[in-house]
Amino acid sequence: MTMPTYAAVDWGTTSFRAWAISGDGTVLGETRAKDGLTTAAERGFETVLEEHLAALGLGPDAPAILCGMVGSRAGWIEASYLDTPLELGDLGARATKVPGVARPVYILPGLAQRAAWEPDVMRGEETQLLGVVAEGYRSGLVCMPGTHSKWVSLTDGVIDAFSTFMTGELFQLLRAHSILRQAVEGEASVSASPDFLDGVRRAFETPALATNFLFSIRAGWLLHGAEPQAQAARLSGLLLGLELAGAAERHGSLRGAALLASGPIAELYAAAFEAIGMGAFRRLDADACVRHGLAQAARSLFSAES
């Protein structure tokens, strides 16, 4: 099989990333923009895609392989969920082709866990995980921080189970729209401060008291004049500690887990891991893994079509 030059695209709710990749795997160019689903829905998904691919110098015959929320119900077209357990190597061959466009465009499927008491979905993370497997991490627990953090159990390249924690969204909601708002107002950025780490440890060790700990943030502001920035760090730590406790309950021991993240959030999670005594863990770059995953899926897709 001769691989064509193609576009690999990670298209989310608020962001767009694309790479031009040659047949031998060389990255020829990259573009990033805030052209998420809202922008694309207004301007047209094909219009937005073509503008970016033209900027990358890709001609009209170069295929594009997409992952992320672009394949959701609110996206371009819905790419069906595949059920777990799932062999990650199957992703590319099961992509959905976008109809009615001149360029060959394929959208990778999401994943679904349909257990009655543990239903869950992911879209986009599965492609990062394909990159994780391509980098040699085939078995173990993977933490994927974000607005909706994922914890995923892998066995020899197969996703056995996963769980989602709304940590990032809860932080924003509590910070902006709850009774805690005045106690934590100010800059949104959080560092791995003593207040953050104390929050992580308290929620991890006694998760049943989490909502009591949360109210104490307001009480500390009222009674002791606690600084909002310190209280915001405490809030972030409490929610992250609660996530870690939940992941341990759902997946067992967290020791040896891999951390798949980039940027400041990677440092926060690494500090939280150390705070609860997780021991050594592997760090993986999320940006690199999504690109590697798209490349692996492209090889599988084009092999299936040849």
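This is a predicted model: local features need pLDDT of at least 70, side-chain atom pairs count only at pLDDT 80 or more; totals for chains, interfaces and linings use all residues.
**Two helix pairs**

The axes of H3 and H10 come within 6 Å and cross at roughly 90°. H3 and H10 are therefore roughly perpendicular to each other. On the H3 side, the residues in contact are Thr127, Gln128, Leu130, Gly131, Val132 and Ala134. They meet Ala286, Cys289, Val290, His292, Gly293, Leu294, Gln296 and Ala297 in H10. By type, the residues of this contact are eight nonpolar and six polar, with no charged residue.

The second pair is H7, residues 210–224, and H8. Their axes come within 10 Å and cross at roughly 180°, so H7 and H8 are roughly antiparallel to each other. H7 brings Ala210, Phe213, Leu214, Ser216, Ile217, Gly220 and Trp221 to the contact, and H8 brings Gln231, Arg234, Leu235, Leu238 and Leu242. Here the division is eight nonpolar, three polar and one charged.

An α-helix has 3.6 residues a turn, so residues three or four places apart point the same way.

| Helix pair | Axes come within | Crossing angle |
|---|---|---|
| H3 and H10 | 6 Å | roughly 90° |
| H7 and H8 | 10 Å | roughly 180° |

H8 itself has 24 residues. From its first C-alpha to its last, H8 reaches 34 Å, close to the 34 Å expected at 1.5 Å a residue. Gly252 follows H8 and has a positive phi, near 90°.

**The largest pocket**

The largest pocket has a volume of about 1,500 Å³. Its lining is made up of 46 residues, and those nearest the centre of the pocket are Glu125, Pro145, Gly146, Thr147 and His148. The elements that give two or more residues to this lining include strand E1 (6–11), strand E10 (120–122) and strand E12 (149–155). Helices H3 (125–134), H8 (228–251) and H10 (286–305) are also among them. Which helix gives the largest share of the lining? That helix is H4, with five residues. The lining residues divide into 20 nonpolar, 18 polar and eight charged.

**Two places in the backbone**

A cis peptide bond joins Thr84 and Pro85, with omega at about 0°. Pro85 sits in the loop between strand E5 (81–83) and strand E6 (86–87).

Asp156 is not a glycine, yet its phi is positive, about 50°. This residue is found in the loop between E12 and strand E13 (158–165).

Key
Residues are numbered from 1 along each chain as its sequence is written. Side-chain values use heavy atoms; hydrogens and water are left out. On a 1 Å grid over the protein atoms alone, a cavity is a set of points where a 1.4 Å probe fits but cannot get out, and a pocket is an open set with protein on both sides within 12 Å along at least five of seven lines; lining residues have an atom within 4 Å of a point. Grid points are joined across faces, edges and corners, and a volume is the space filled by probe spheres set on the points. Helices (H or I, at least four residues) and strands (E, at least two) are DSSP runs, numbered from the N terminus. Ala, Val, Leu, Ile, Met, Phe, Trp, Tyr, Cys and Pro count as nonpolar, Asp, Glu, Lys and Arg as charged, and the others, Gly among them, as polar. The expected span of a helix is 1.5 Å times one less than its number of residues. Axes are lines fitted to C-alpha atoms, for helices over the stretch in contact, and angles run from 0 to 180 degrees between N-to-C directions. Angles under 35 degrees count as roughly parallel, over 145 as roughly antiparallel, 65 to 115 as roughly perpendicular and the rest as oblique. Contact means heavy atoms within 4.5 Å.
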